[in-house]
Amino acid sequence: MKTALLYADNLTSKDEIAKAAEILKNGGLVALPTETVYGLAADALNEKAVKNIFVAKGRPSDNPLIVHIAEFSDLDGIVSEITPEAKKCMQAFWPGPFTAVLPKTEKIPSVTSGGLDTVAVRMPKNDIAREIIKKSGLPLAAPSANRSGSPSPSTAQHVIDDLMGKIDAIVVSKNCDVGVESTVVSFAVNPPRLLRPGGVTAEQLKQYIPDLVIDAAVLSQPEKGAKVASPGMKYKHYAPKADVTLAVGDKKAFAEYCNTQNADLVICYDEDVGLINSPTVSLGFSADHKKQAERLFDTLRDVDKKGYKTVIVHAPTTDEMGLAVYNRLIRAAGFKVVQL
Ligand code: TXA
Ligand code: MG
């Protein structure tokens with residue numbers, strides 16, 4: 001398949017935005033920028049189009065998709081109930097990196113919701129994404145625009161590397177601001193449950209959901225065969241081909257560990273760099289979780305590009321956006337975590 005590259009850095013790229021919307025209306029697949037990561041969009045109500053997303057990504061069909069909307073009124077007909085807490089969070093965090101799981105209506109096909117009776121909904125902040133949703137007049141199902149299992153795409157080049165020739169078009173735009181995927185909260189259970197940490201932090205959510213539960217899969221590997229609330233969390237994910245170990249400990253213990261291991265690469269923080277004998281790449285200052293999130297997926301993709309075979313990563317602390325970075329890293333490490 002020939003993949004069209006549509007260049008759009010802002011809303012003045014009207015022709016490219018119109019072209020993307022037209023392809024989506026005709027049941028095609030378009031990768032587009034959002035503020036979190038690039039998404040691979042299709043008409044959420046068109047079963048055939050949604051099936052093609054799973055094929056292009058090589059994604060297991062039990063892993064449900066997020067439906068993207070441009071306005072609050074787009075929720076009508078998609079979800080059957082909005083709890084007061086869900087409403088407060090939508091008002092506080094939309095448009096933005098926050099996804100609400102709510103009971104779905106009949107209108108949402110089972111392929112989109114992975115066979116569940118709930119649907120995940122998000123209103124992205126990226127203005128190009130929202131303009132494409134508006135122009136298409138459709139709710140758009142959009143998982144991250146990577147091949148299933150590999151790190152999510154935080155730049156257009158990542159999408160080109162993974163999906164060129166497999167989809168109708170890629171909207172080529174700026175790098176994503178947040179760099180990791182949205183925060184997913186289920187309001188279909190009581191109390192609400194954080195299924196995936198992201199750009200909106202647990203601390204921010206607790207202002208509106210004081211009894212928020214952090215799902216066990218956020219910080220550890222789900223038991224084999226366990227029923228997980230968010231199917232995406234059970235897979236090894238974001239993973240380079242290299243053998244990755246996540247090490248938890250302070251900078252002294254971490255440096256001592258690394259200096260006995262001879263890894264090809266150590267992914268760490270600015271404060272670690274001078275203490276480690278192996279080649280290092282820094283994700284930024286240890287307290288700057290925002291920067292770490294922004295750099296994370298590009299750094300993980302680079303591991304394979306450069307052909308490193310063994311990699312040690314210094315675990316971030318799990319406060320604020322550190323929780324999202326930690327959550328991605330345990331999956332990138334295939335749950336191989338050492339406590340120092
Ligand atoms: O930032 C994002 O959320 C990006 C951009 C493109 O919007 N999208 C994204 O989609 O990360 P995806 O498909 O890669 O991840 C969606 C996650 C998966 O872990 C999936 O299992 C979970 O959300 N999910 C979707 N629908 C769900 C539902 N009804 N119940 C529980 N979890 C759900
Ligand atoms: Mg994904």
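Leu265 stands opposite Val311 in β15. This is a predicted model, in which local features need pLDDT of at least 70, side-chain atom pairs count only at pLDDT 80 or more, and totals for chains, interfaces and linings use all residues. Residues are numbered from 1 along each chain as its sequence is written, chains are lettered from A and ligands numbered from 1 in the order in which they are written, and side-chain values use heavy atoms, without hydrogens and water.

**The sheet**
- Strand β13 (residues 265-268) and strand β15 (residues 310-314) run parallel and are joined by 3 bridges; two strands pair if DSSP finds at least two bridges between them.
- Helices (H or I, at least four residues) and strands (E, at least two) are DSSP runs, numbered from the N terminus.
- The open sheet has 5 strands in the order β14-β13-β15-β12-β16, with parallel pairing.
- At its edges are β14 (280-282) and β16 (337-339), each pairing on one side only.

**Thr245**
- Thr245 belongs to strand β12 (residues 243-248).
- Thr245 counts as buried because its relative accessibility is 7%; buried means under 20% relative accessible area, exposed over 50%, partly exposed in between (1.4 Å probe, protein chains only).
- Leaving aside neighbours within four places in sequence, the residues in contact with Thr245 include Tyr257, Val311 and Lys336; contact means heavy atoms within 4.5 Å.
- The side chains of Thr245 and Lys336 are joined by a polar contact of 3.4 Å (a pair of N or O atoms within 3.5 Å; within protein, one must be able to donate a hydrogen and the other to accept it, and residues adjacent in sequence count only if both atoms are side-chain atoms).
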